[in-house]
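Hi,

Here is the structure I promised to pass on. Have a look at it first, and my notes follow below.

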Amino acid sequence: MQTPTFTSTAPRSFASRLTLAAAVLVSLCTASVQAATPSELLQGYTAQAGVAAVAARGQQFFTTTHGKEWSCSTCHGAVPTAAGKHAATGKSITALAPAANAERFTDAAKTEKWFRRNCNDVVGRECTAAEKADVLSWLLTQKP
Ligand code: HEC
């Protein structure tokens, strides 16, 4: 009886096995956490949108209503370097501007999850990549 062997390819050196293991580990980690910087996320949305982000348009989008009861600023406040307050639960929401809150826009999955949920609440649909880029570019101009 023959046991399966993997001799069809040349045996890997220890170093190349180690490199492979490291590469797998890194991709696993990045897949679960999706660590990013705010400017990387902005670059991603801008590339998706195919047009440059406009900070003033982001502010306008954020602080006005879109046919529903709430605007983004209803919960987050119109000054994104300050904490907001959830319109329904009254819970405090930490500042959205990265300069005031280092945790903001550092996890792509988290950012996407909340954009999806909040845009549905405020606009009744998901935000477009251009809308996200506009909002994020405005938030990045805000310093405490
Ligand atoms: C009903 C209240 C509410 C409204 C309205 C709202 N948000 Fe939020 N938002 C939250 C809560 C709650 C969180 C999650 C808690 C946290 O991250 O502090 C959050 C988180 C976020 C995040 C995650 C940021 C990160 O850390 O990566 C983004 C982006 C965001 N909101 C954008 C928006 C935009 C854009 C609008 C308007 C279209 C909006 N929100 C409207 C309550 C709201």
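Let me begin with the ligand. The residues of the shell around it divide into 14 nonpolar, six polar and three charged. In total 23 residues surround the ligand, and the closest are Cys72, Cys75, Thr111, Trp114 and Asn118. H5 has the largest share, with nine residues.

Before you go further, please keep in mind that this is a predicted model: local features need pLDDT of at least 70, side-chain atom pairs count only at pLDDT 80 or more, and totals for chains, interfaces and linings use all residues. Residues are numbered from 1 along each chain as its sequence is written.

Now the overall layout. The chain has six helices and two strands, and along the sequence they follow the pattern α-α-α-α-β-β-α-α. Helices (H or I, at least four residues) and strands (E, at least two) are DSSP runs, numbered from the N terminus. Of the 144 residues in the chain, 23% are buried. Here a residue is buried if 20 or more other C-beta atoms lie within 10 Å of its own, exposed if 12 or fewer, and partly exposed in between, with C-beta atoms placed from the backbone. As for contacts between residues at least 6 apart in sequence, 60% join residues at least 24 apart. Two residues are in contact if their C-beta atoms, again placed from the backbone, lie within 7 Å.

Next, take a look at helix H3, residues 55-63. Its buried residues are Gly58, Gln59, Phe61 and Phe62. Seen down the axis of H3, they fall within an arc of 165°, so they line one face of the helix. That arc is taken from the directions from the helix axis to the C-beta atoms. What covers these buried residues includes helix H4 (72-76) and helix H6 (129-141).

How do H3 and H6 sit against each other? They pack at an angle of about 100°, with their axes 7 Å apart. That makes H3 roughly perpendicular to H6. On the H3 side, the contact is made by Ala55, Arg57, Gly58, Gln59, Phe61 and Phe62, and on the H6 side by Glu131, Asp134, Val135, Ser137, Trp138 and Thr141. The residues of this contact divide into five nonpolar, four polar and three charged. On the terms: axes are lines fitted to C-alpha atoms, for helices over the stretch in contact, and angles run from 0 to 180 degrees between N-to-C directions. Angles under 35 degrees count as roughly parallel, over 145 as roughly antiparallel, 65 to 115 as roughly perpendicular and the rest as oblique.

H6 also holds Lys132, which is buried, with 25 other C-beta atoms within 10 Å. Not counting residues up to four places away in sequence, Lys132 touches Tyr45, Phe115 and Cys127. Its C-alpha atom is 8.7 Å from that of Ala53, although Lys132 and Ala53 are 79 residues apart along the chain.

Gly84 belongs to strand S1 (residues 84-85) and is buried, with 20 other C-beta atoms within 10 Å. Leaving aside neighbours within four places in sequence, Gly84 is in contact with Cys75, His76, Gly77 and Ile93. Then there is Phe105, in the loop between strand S2 (92-93) and H5. Phe105 counts as buried, with 22 C-beta neighbours inside 10 Å, and its phi is near 55°, a positive value in a residue other than glycine.

Finally, a pair of exposed loop residues. Val51 lies in the loop between helix H2 (38-49) and H3 and is exposed, with 10 other C-beta atoms within 10 Å. Val51 and Ala133 are 82 residues apart in sequence and 9.3 Å apart in space, C-alpha to C-alpha. Glu69, in the loop between H3 and H4, counts as exposed with 9 C-beta neighbours inside 10 Å.

Cheers

Notes: Near = placed C-beta within 6 Å. Nonpolar A, V, L, I, M, F, W, Y, C, P; charged D, E, K, R; others polar.
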